[in-house]
Amino acid sequence: MNVFRFIWQNHGQVLELTLEHLRLVGFSTLFAMLIGIPLGIVIAHRPRFNKPVLASANIIQTIPSLALFGFLLPVPWLGERADRLAILALTLYALLPIIRNTYTGIRGVDAAVMEAGRGMGLTESQLLFQVELPLSVSVILSGVRVAVVISVGLATIAAAIGAGGLGEFIFRGLAMVDDRVILAGAIPAALLALLADFGVGWLERRLQPR
């Protein structure tokens with residue numbers, strides 16, 4: 001109960017840091033979708049790009065988050081603002097599940113359906129937007145769902161470089177050796193991850209082709 005009393009007494013700061021956390025996650029997920037979905041479509045239609053694109057995304061996933069922040073710090077313009085740097089790092093981490101699921105979804109469309117579309121005179125772009133994407137949208141959203149949950153967790157580490165978010169409480173609590181302060185950041189972050197997982201999962205089920 002001391003933790004919840006602490007959160008209530010500092011609810012203004014908790015709300016401010018939660019909004020910062022949501023901003024980091026929201027922008028990074030949006031950018032990852034704008035990059036990852038087109039890349040997934042490209043490698044689904046151009047298999048020769050499959051291995052280099054997925055290998056690059058896999059390599060990024062293997063880099064520890066603090067090390068990636070360190071690599072990006074010297075980059076001009078980005079290193080001047082911690083929030084820009086954090087959004088770029090979170091975007092890079094979110095790419096793999098989005099690219100992979102987009103590729104899987106597009107490749108999973110039944111060849112007979114594609115042939116039927118071509119037989120009706122649809123162009124390649126019409127096939128993409130009227131057949132492939134509508135049939136694979138739930139698989140793509142499954143990747144977005146994974147990316148969002150990953151971003152919520154990793155965004156807590158962004159506080160280490162001064163990017164804000166709920167990680168501020170966690171790092172402050174570790175420095176003070178105070179469980180209440182740690183949990184004041186950890187509990188809202190966990191709730192955000194659960195809500196994001198539930199919300200995107202609900203959307204995924206609603207858009208699943210019947």
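Student: Which residues does Ile99 touch, not counting those up to four places away in sequence?
Tutor: Ile99 touches Gly36, Leu39, Gly40, Ile43, Val53, Leu54 and Ala57. Contact means heavy atoms within 4.5 Å. This is a predicted model, where local features need pLDDT of at least 70, side-chain atom pairs count only at pLDDT 80 or more, and totals for chains, interfaces and linings use all residues. Residues are numbered from 1 along each chain as its sequence is written, and side-chain values use heavy atoms, with hydrogens and water left out.

Student: How many residues are in the largest nonpolar core?
Tutor: That core has 49 residues, and Leu24, Ile99 and Phe169 have the most contacts inside it. A nonpolar core is a set of buried Ala, Val, Leu, Ile, Met, Phe, Trp, Tyr and Cys residues joined through side-chain atoms within 4.5 Å.

Student: Which helix gives the most to this core?
Tutor: H5 does, with 12 residues. Helices are DSSP runs of H or I, at least four residues, numbered from the N terminus.

Student: New topic. Is Thr91 buried or exposed?
Tutor: Thr91 is buried, at a relative accessible area of 5%. Buried means under 20%, exposed over 50%, and partly exposed in between, with a 1.4 Å probe and protein chains only. Thr91 sits in helix H5, residues 82-107.

Student: What does the side chain of Thr91 reach?
Tutor: It reaches the backbone oxygen of Ile87, at 2.7 Å. Beyond its neighbours within four places in sequence, Thr91 is in contact with Ser28, Phe31, Ala32 and Ile35.

Student: And where is Gly70 found?
Tutor: Gly70 is in helix H4, and is partly exposed, with a relative accessible area of 34%.

Definitions and conventions
Helices (H or I, at least four residues) and strands (E, at least two) are DSSP runs, numbered from the N terminus. A polar contact is a pair of N or O atoms within 3.5 Å; within protein, one must be able to donate a hydrogen and the other to accept it, and residues adjacent in sequence count only if both atoms are side-chain atoms.
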